[in-house]
Amino acid sequence: MDKKTANSSGKLTLRTTRLAPGATALSIGLPALLLGSLPLANMAMADDTIMLDTMQVEERTVDTNPYAEPGAPYKAKVSGDSRHVKDIAETPQTMTVLTQTQIQESGRSDLKDILDAQPGITLGTGENGNAFGDRYVIRGHEARSDVFVDGLRDPGMTTRESFAVEQVEITKGPSSTFAGRGSTGGAVNSITKQASSEYDFNKVEAGLGTDNYRRITLDTNQSINDDLAVRANVLHSYEEIPDRDPNDKERNGLALSGAYQATDKLKIIADYYHLSAFENNDIGSYIDRATGRINNDIPAYAQKQDFIKSRVDTATLRTEYEFNDNLRIENAMRYGTTNNGYVVTGAHGTNRDVTDPAGDIGTISLSTHQGWQEVEYFADQLNLFIDTEIAGMQHQFVIGGEYSKHDVLNGVYNVNNQGDSNCLVSGRGGVSNGYCIVDESGNYITDNDELMGRNITKGNSDSDYQIDTISLYAMDTIDITDAFSVFAGVRADTFEYKNIVTGRDGSDTTYEYDDTLWNGHIGTMYDITDNGNVYLTYSTSANINGGESDVGGNCGYGGLCSSAESVDKAKPEKVENIELGTKWNLLNEKLLATAALFQVTKDDVMEGTDYDTAGTYNTGKNRVKGVEFSLVGNITERLSTQLGMALMKSEILKTAATSGGEPVEPGGRLANFANRSAFAQVRYQLTDKFSFGAAANHSSEVYVGQPDSTASEDLRVPSYTIFDAFASYEFNEQLNARVNVANLTDKDYYLTAYRSGAFAYIGDARNAQLTVAYEF
């Protein structure tokens, strides 16, 4: 059947898509009904003219995000989380939403790479390199545990991919009403692709590129009948790390979804997700502590036995029951496991020891970083939606409850380096046999990937983290007048915490306590015109002692901050956010412009300092102020953009932490914090078949340190701006191709660095890919 659809430029084009049986019957039956009623219409028109409203039919194509604004592929209209009952343009909070089309055209696939480009977000590192998993910092605050999939927390430090993602939603500012504990700077929610009985399609994408890049994906949706449909997304990808071969990475994934309309009122959706990720990649470069500069000329040095591996398996069952137009209930239940592990090599500049045969000369010495994590979790979330009128005002209630059980086992690998040492270096333990990638003449050693000759076995666990949480929340969106609305929400999270930490001497220490966290959110919005509004919002969140599951008793990174006897004496860290903003839906709602002033204040910060067991542990306070702008959608019918900028300032207001035995004065900036960050992606539809675009990603300098602490005054990652380009050509309605070139100028840049400067993550060098997509 031929149908008219809006392409990404907004222009109507004729496109053929095979519809599901019910849709075909409707398309035949409706014209027949209209034709059959013509005599009646003519009789009526003999007396009076009947004016009929214009009916606009909007069909969905394979690439259309169901949550996006029709005809504006970069602009999301609504959230994939049904608890956000208003359109994004009418939600009193900063929300950055990245659609499937924007993500694909950017050429980025790992969630870490997608988020790193977004304003207000930086990457972090952790103790021992923390090499596995994604680690985000939103508006200056840790968010590695504030990652969600379809509204349910996705725990564990793991690799996340976008092959089965419909859109990525980044909520800025504390949002514990939705997210629960944590979410200090914001939260990330990936919305997955789901089966639909409205259409059938098959789409294969195959890509080849520089650095032995290959990527193959399959997206297929099949309607079994009017009520039952299945969908599958399949992924295989491989590439060498640009300009750092033989470092490489591989991804293999499968996402299955089934949707069954059991009755007119009951819908059941089930899905399964699997991802296996494997990398052999070194940690990167390092900051020279003497000069404060990063070594820009370090070769790849990963050892052949090194690995970063991650396996994710989840199963989710959702049920939706609609009692009537104003009352419905939804339940989502998920069980999942993740297994992560890494043994990687780091490099840092040092001098050979004076006892070395070559003497006291500069060199680069290799180090080992390792760990493993096993996560098992279960969650069930129930939401009741009530739309009703009270006292002449429209209310949209969301009343919900959630139970979650997260068990995380962390451990170490036994790494025995059997290679022959080639240098003597000194460290904390004195002089030791080392492995150096610089020879006595100051030249880099080639073919260094077997230098250490590692023998690796899995070792014992060092922490057993368990947290069970029961949450209750209630939210209401009230239309007080046609122009003025209020959102209010409150949430209680009651948890039981237990963590068995194993010390270096093999002894176990059990930390155990329970508590209830109360948080709220209130926002008001006033419509200045039909297309523009202003809003004011206030929200809170709370972090608990030992809330991060991957660091055991390391207080400075969100681990436990007290003795076992006093674990319940540490108060939760409290976060308050106030935001004043405006949102404008322009150009027939195809373009959304937003601006927001915000202030995030974190109090009762738990710091990594020695305290008396009877004393207080909540000695820190910090604040982030800033302004954020965005412009998303179609500027013209042919010009699309996703643009954002964040200008922020952080300040340590109070601290009891020390550095090298000396007190640290308040007033410094937060570590891992960029004062300025911006991203712009622009796409132009030159002809009906050819489009091209470019993207720019900018970050100001970032000073290193541990979370919630005063940043180093000397060690930093320099500012950078990188440019990407892409172009697409549609040969026919089934076949199209896209070219992506990343880092056009081949700029040397660095994403983040460890607090001591011992390693700095290297950004990708220039690389290019050609992707061909075929629909059938």
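Strand E11 (residues 165-172) pairs with strand E12 (residues 186-192) in the antiparallel sense, over seven bridges. Two strands count as paired if DSSP finds at least two bridges between them. Strands here are DSSP E runs of at least two residues, numbered from the N terminus. Thr 171 has Ala 187 in E12 as its bridge partner.

This is a predicted model: local features need pLDDT of at least 70, side-chain atom pairs count only at pLDDT 80 or more, and totals for chains, interfaces and linings use all residues. Residues are numbered from 1 along each chain as its sequence is written, and side-chain values use heavy atoms, with hydrogens and water left out.

The sheet is open and has five strands, in the order E5-E11-E12-E9-E10, with mixed pairing. Strand E5 (95-99) and strand E10 (152-153) are at the edges, each with a single partner strand, so one side of each has no neighbour in the sheet.

The structure also holds two disulfides, a disulfide being a pair of cysteine sulfur atoms within 2.5 Å.

| Disulfide | Sulfur-sulfur distance |
|---|---|
| Cys 423 and Cys 436 | 2.1 Å |
| Cys 555 and Cys 561 | 1.9 Å |

The link of Cys 423 and Cys 436 is right-handed, with 85 degrees about the S-S bond. Cys 423 lies in strand E22 (residues 423-427), and Cys 436 lies in the loop between strand E23 (430-434) and strand E24 (454-479). For Cys 555 and Cys 561 the torsion is about 90 degrees, so that disulfide is right-handed.

Buried means under 20% relative accessible area, with a 1.4 Å probe and protein chains only; exposed is over 50%, and partly exposed is in between. Cys 436 is buried at 0%. Cys 555 is buried at 13%.

Methods
Helices (H or I, at least four residues) and strands (E, at least two) are DSSP runs, numbered from the N terminus.
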